[in-house]
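Dear colleague,

Please find below the structure that I am handing over to you. My findings follow it.

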Amino acid sequence: MANRWKNDLSERCVTPEAVYMNRRQVLAGAAGIGLVGAGRPARAETLEPNEWEDITSYNNYYEFGTDKGDPARHAHRLTIAPWSVRIDGLVDRPGDYAFEDIMAKMVVEKRLYRFRCVEAWSMVVPWNGFELADLLEVAGVQGAAKYVAFETVLRPEEMPGVAYPVLDWPYVEGLRLDEAMHPLTIMATGIYGRDIPNQNGAPLRLVVPWKYGFKSIKSVVRITLTDAEPPTSWNKANPREYGFYSNVNPEVDHPRWSQATERRIGGGLFSSRIPTLMFNGYGDEVARLYEGMDLTRHF
Ligand SMILES: Nc1nc2c(c(=O)[nH]1)N[C@H]1C(S)=C(S)[C@@H](COP(=O)(O)O)O[C@H]1N2
Ligand SMILES: [Mo]
């Protein structure tokens, strides 16, 4: 299990600032990234990663139960090998892509990202992963594609939580194509240079750091390119409370609580409350995706 794949532990792209140096931006002539001076931090803050213990014991993965400790208790039951991801819909090369074959093609990088749950807690996670755009390019995105739909594995025999109709299983999520292709959007396969634990979404899970955590769907088995906005689990469960976009936004409160601040996990009882940042602090990189949109309506 120890070496399911090799991490690239070179010092690339650990901060959003470093993303400016990303090869895709270089290729794009930095045109897309906006009016940001390279090296200007998103806020005066040194990102301090949470401890492995916090990241892997305080989880949301409702297929294993709704308590924060349930995923760490039960997710060892999930069989993660063999694993494959079906990529279908509006792509040139649809098919079942074996996890090992994907990893052989992808460049795994370190990405230190803020992670903000809609429940108003947050962490800082040192992910290892590859850009979703690179995987989509392997499958060949067709011109008519406008959205990307994702699906989590559904195995009632291994997932005690799916006996309860908390959500309509399998868990599904979606992104607009430009969000999916954004260089900050990754498929995470590790944390702290180790294989990603089952409770965090092994063997590969989406991470979209400027959106609430529930968009970051775990243990992905299917990715479908579509021309219509795909259904998403929390929106189906409660459309008044959870929209398709779900961008972190301190100015748009959840109907039942404020989103202006968040509790940064760590330090046990002394977890501190800090202000929530627009787009979770990634506005310089992503605000342009939403130009002209009313974010109180498209929440
Ligand atoms: N399949 C699946 N993916 C999921 C969830 C889930 O219940 N099932 N929970 C989401 C929510 S609400 C959050 S906050 C994050 C939590 O990720 P973490 O446990 O790695 O911190 O996973 C997201 N992805
Ligand atoms: Mo969440």
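Is T152 buried or exposed, and why? The model is a predicted one, and in it T152 has a relative accessible area of 1%. Because buried means under 20%, T152 counts as buried. The residue belongs to strand β5, which covers residues 147-152. Leaving aside residues up to four places away in sequence, T152 touches several others, including Y61, E63, P170 and Y171. Its contacts also take in I217 and K218.

T152 is part of a "binding site" that comes from an unreviewed UniProt entry, together with N59, Y62, E63, C117, N200, R205, S216, I217 and K218. The lining of the largest pocket takes in these residues, T152 and S216 among them. S216 lies in the loop between β9 (205-207) and β10 (220-226). With a relative accessibility of 4%, S216 is buried as well. Beyond its neighbours up to four places away in sequence, S216 touches F115, R205, L206, V207 and V208.

I turn next to the salt bridges. The whole structure contains 14 of them. One joins R116 to E262, with the closest N and O atoms 3.0 Å apart. This pair connects distant parts of the chain, as R116 sits in strand β3 (residues 109-116) and E262 in strand β11 (residues 261-264), 146 residues apart. R116 is buried at 0% relative accessible area, and E262 is buried at 2%.

A salt bridge also links R176 and D178, at 2.8 Å from N to O. Here R176 is buried at 13%, whereas D178 is partly exposed at 32%.

Yours sincerely

How values were computed
Residues numbered from 1 in each chain as written. Chains lettered and ligands numbered in written order. Predicted model: local features only at pLDDT ≥ 70, side-chain atom pairs only at ≥ 80, totals over all residues. Heavy atoms only, no water. UniProt positions renumbered as here; feature names shortened; annotations may be inferred. 1 Å grid on protein atoms, 1.4 Å probe; cavity = no way out; pocket = protein on both sides within 12 Å on 5 of 7 lines; lining within 4 Å. Helix = DSSP H or I, 4+ residues; strand = E, 2+ residues; numbered from the N terminus. Buried < 20%, exposed > 50% of the residue type's maximum accessible area, 1.4 Å probe, protein only. Contact = heavy atoms within 4.5 Å. Salt bridge = Lys/Arg side-chain N within 4 Å of Asp/Glu carboxyl O.
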